[in-house]
Amino acid sequence: MDDHKDTTENSPGGEDQQDTSSHQHEHGEHDEAVAESDEQRVEQELLEDEAHPAAAEGEALHEQHDHAGHEGEGHGHGSHEGHGEGHGGMHEGHEQMFRRRFFVSILLSIPVLLYSEMLQEWLGFSVPAFPGSEWINPVFAVIVFAYGGIPFLQMAVPELKDRAPGMMTLISMAITVAFVYSLASVVFPAQSAFFWELVTLIDIMLLGHWIEMRSVRRASSAVDELAKLMPDTAERLTEDGETEEVPVSELSEGDLVLVRPGASVPADGVVEEGDSDVNEAMITGESKPVSKEPGDEVIGGTINGDGSLRVRVGATGEETTLAGIMRLVEEAQQSKSKTQVLADRAAGWLFYVALSAAVVTALAWTVAVSFNATVIERVVTVLVIACPHALGLAIPLVVAINTSLAARNGMLVRDRIAMEDARNLDAIIFDKTGTLTEGEHGVVDMATVDGVDEDYALALAAAVESDSEHMIARAIREAADERDLNAPDASSFEAIKGRGVRANVDGNEVYVGGPNLLTQLDSGRPDHLQHFADKAGQNAQTVVYLVRDGDLIAAFAMADVIREESFRVVDALHDLGIEVAMLTGDSQDVADAVADELSIDTVFAEVLPEDKDEKVQELQDQGKLVGMVGDGVNDAPALTRADVGIAIGSGTDVAVQSADVILVQNNPMDVVRLVKLSKASYRKMQENIVWAAGYNVFAIPLAAGVLAPIGILLSPAVGALLMSLSTVIVAINAQLLRRVDLSIPELPSATPPTDAQPAD
């Protein structure tokens, strides 16, 4: 809370807050002018960001990197707040701007519609006239153009500078022509006016952009979440043996720090004193805590277990492992190529078509009837009809429904381009731990000596492990619970370091532990238990033994349990023609055992955190479109490097923030649904583009007058009606996406799927 408060006070103008209050009346008007100027500046920046999305995101990442590395200040709570505004704030600002302009413009459009003679004639109503009422349409249309239309002109400038006309250029051309021509009609009453078409076009374009921005609002920086893993302060040991709490930014190489049980390691270093298990899952992706003793290296940001450690700092700031991963995330984000939206491409083509048609129309009509007002009306009609009412909603409506449908089926879409790309994935890489597997050890097999029942052996082992919080102890207790076994009471519990545990149960001395325990007890293994242990070793499983009164009576095979859904996921993706790969930091034996069981095509084992994104790049270098599914910090660079990054929702925040799609229900089967929804959504986008562009293909020649010789000439009024019908058709077609079947067909060796859920 203090850090957050300090950030607020140190923000621009924060230190002078009281002085500002004391001079409030004296400078009130000045402050109001400054606030208005600031708001205009912010909106201008948002418009520039909208016009240059790639550049804006690159600049945001650069600023985040500089801030995170500046004297270590990037780890405070306040700095997290600042980081968070980089991406999420940018898209939220876009959404708020377009929403505000839409509602204001729609209110200002009402008088224009009511006093439109054409609409009054079509709908059979009238409104009272009064002195000056003839100025309602031009005055309100000018205001709507200035407030709601000017942003599109501003966003069209970069397209023209880049010589890549798109949606903004097409919209700007249409509203500018309609605006100028309609104002001219006020001076020359013989001309028709397009005031109501002008305001409704601007309203629909603002609505489309509002919907679009809302669907991508959740985009934010993964670098933020990485920085949050580092603690804000550390306990540094002084020369007299006392501890002092200092900011992590003040740590230097060679400092000795105390890491208490449950605390985060503040920097990379080497253990000098103490023994403990450290949870490195957020860095290495491994579910099993790593035992640390003097001489072992520890990584900043990892979580200490039950013991206390004294760590000699070896690296701080930008030199830490976590900072290195942060840089990889940034580089992977910046390496993504800019993908153009379908509607922009169609709008670019339509821009040239409309201009060409307008030129041909002008020349043809000038030759036919000489240059007069009719020629101007024909040219203007062509350019206004080319205006993309339907095209402006074709993609945003599908995206909005796609987002809702995905959320109802366990998928949160953060990047619409990635959703579009998912339909063409050639390979999908799955992180093993926590994605294909449960991320925690479980009892997968067991064997007992003659005369000992399996349930008795499991209950006895659970009794001995009743007081332990070790991962293996929890797995044994959970296995006993699954069989509804009642473990007897145990007493005199004792942990035997590096070997196992011991306790008294019903007057018997019982031990549970690994091979080192048998060596200490000098206990031999019967042949069938030896064979059981050898087979488990071949399957990369850990073996734990149960010894009663000096006699070995049972053995348990432990492994990171494969999710039941994983079998169906691999089968379903193979059925879709998609290659399945697995990426893990585990040993080759463990990886091969899981891959063989799941029939996975490609295995990347013993991969270091900083190398995981390179494996994604390997497949991409083969010309494949690659998806990555993961759940840990070590997966973040790979998630951002992949063409489509998919995070398991139960994973760390940074994995979620690095991904394009989050599986909020933690169900890997949703990867298959993602591909199916991507195909269906893209198909709807294509259909909408055809409908929207098809209207122009039909209407532009008629507006140009190609059928004038036989008496068929499209009037501006009929053109506007066709424009509206095209918009309605696009909206209805987008709604049909809700009927898409996202269920996964039942496959051999798979359980029936859960029912897919419709969109809201």
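These are my notebook entries on a predicted model of one protein chain.

**Entry 1. The chain overall**

The secondary structure of the protein chain comprises 29 helices and 22 strands. The chain has 760 residues, of which 50% are buried. I then looked up how far apart in sequence the contacting residues lie. Of the contacts between residues at least 6 apart in sequence, 70% join residues at least 24 apart. The accessible surface amounts to about 34,600 Å², and carbon and sulfur atoms account for 51% of that surface.

**Entry 2. Helix H9 and its two partners**

I turned next to helix packing. Two packed helices are described by the angle between their axes and the distance between the axes. I looked up both values for helix H8 (residues 136-161) and helix H9 (residues 167-187): their axes come within 8 Å and cross at roughly 145 degrees. I recorded the crossing of H8 and H9 as left-handed. On the H8 side the contact includes Pro138, Val142, Phe145, Phe152 and Leu153; on the H9 side it includes Met167, Met168, Ile171, Ile175 and Phe179. By class, the residues of the contact of H8 with H9 are 15 nonpolar, four polar and one charged.

H9 also packs with helix H15 (residues 373-385), at an angle of about 145 degrees and with the axes 8 Å apart. The crossing of H9 with H15 is left-handed. From H9, Met173, Ala174, Val177, Ala178 and Tyr181 take part, and they meet Ile376, Glu377, Val380, Leu383 and Val384 of H15. I noted nine nonpolar residues, no polar ones and one charged residue in the contact of H9 with H15.

**Entry 3. The antiparallel sheet**

I then traced the sheets. Strands of a sheet pair through backbone hydrogen bonds, either parallel or antiparallel. Arg236 stands opposite Val257 in E3.

Another open sheet has seven strands in the order E10-E22-E21-E20-E11-E18-E19, and its pairing is mixed. Strand E10 (411-413) and E19 are the edge strands, each pairing on one side only. On average, neighbouring strands of this sheet are turned by 20 degrees against each other, direction ignored. I checked the pair of strand E18 (residues 579-583) and E19: it is parallel, over three bridges. Leu583 stands opposite Phe604 in E19. Helix H25 (residues 612-621) packs on this sheet, where it touches strand E11 (427-431), E18, E19 and strand E20 (626-630). The direction of H25 makes about 165 degrees with that of E11.

**Entry 4. Buried positions**

Which residues of helix H23 (residues 564-575) are buried? I listed Ser566, Arg568, Val569, Val570, Ala572 and Leu573. The buried residues of H23 pack against several elements, among them E11, E18, strand E17 (551-562) and helix H28 (670-704). After H23 comes Gly577, with a positive phi near 80 degrees.

In H28 I looked up Asn688. Is Asn688 buried or exposed? Asn688 counts as buried because its relative accessible area is 0%, below the limit of 20%. Leaving aside residues up to four places away in sequence, Asn688 touches Ala394, Val398, Val730, Asn733 and Ala734.

Most residues other than glycine have a negative phi. I noted Asp484, which is not a glycine and has a positive phi of about 55 degrees. Asp484 is in the loop between helix H20 (471-482) and strand E13 (490-496). Asp484 counts as exposed because its relative accessibility is 67%, and exposed means over 50%.

Ser599 likewise is not a glycine and has a positive phi, of about 60 degrees. Its place is in the loop between helix H24 (588-598) and strand E19 (602-604). At 44% relative accessibility, Ser599 is partly exposed.

Technical notes: Residues numbered from 1 in each chain as written. Predicted model: local features only at pLDDT ≥ 70, side-chain atom pairs only at ≥ 80, totals over all residues. Heavy atoms only, no water. Helix = DSSP H or I, 4+ residues; strand = E, 2+ residues; numbered from the N terminus. Buried < 20%, exposed > 50% of the residue type's maximum accessible area, 1.4 Å probe, protein only. Contact = heavy atoms within 4.5 Å. Areas by Shrake-Rupley, 256 points an atom, 1.4 Å probe, with all protein chains shown as cover. Axes fitted to C-alpha atoms, helices over the stretch in contact; angles between N-to-C directions. Left-handed = near helix turned anticlockwise from the far one by under 90°. Nonpolar A, V, L, I, M, F, W, Y, C, P; charged D, E, K, R; others polar. Pairing = 2+ DSSP bridges.
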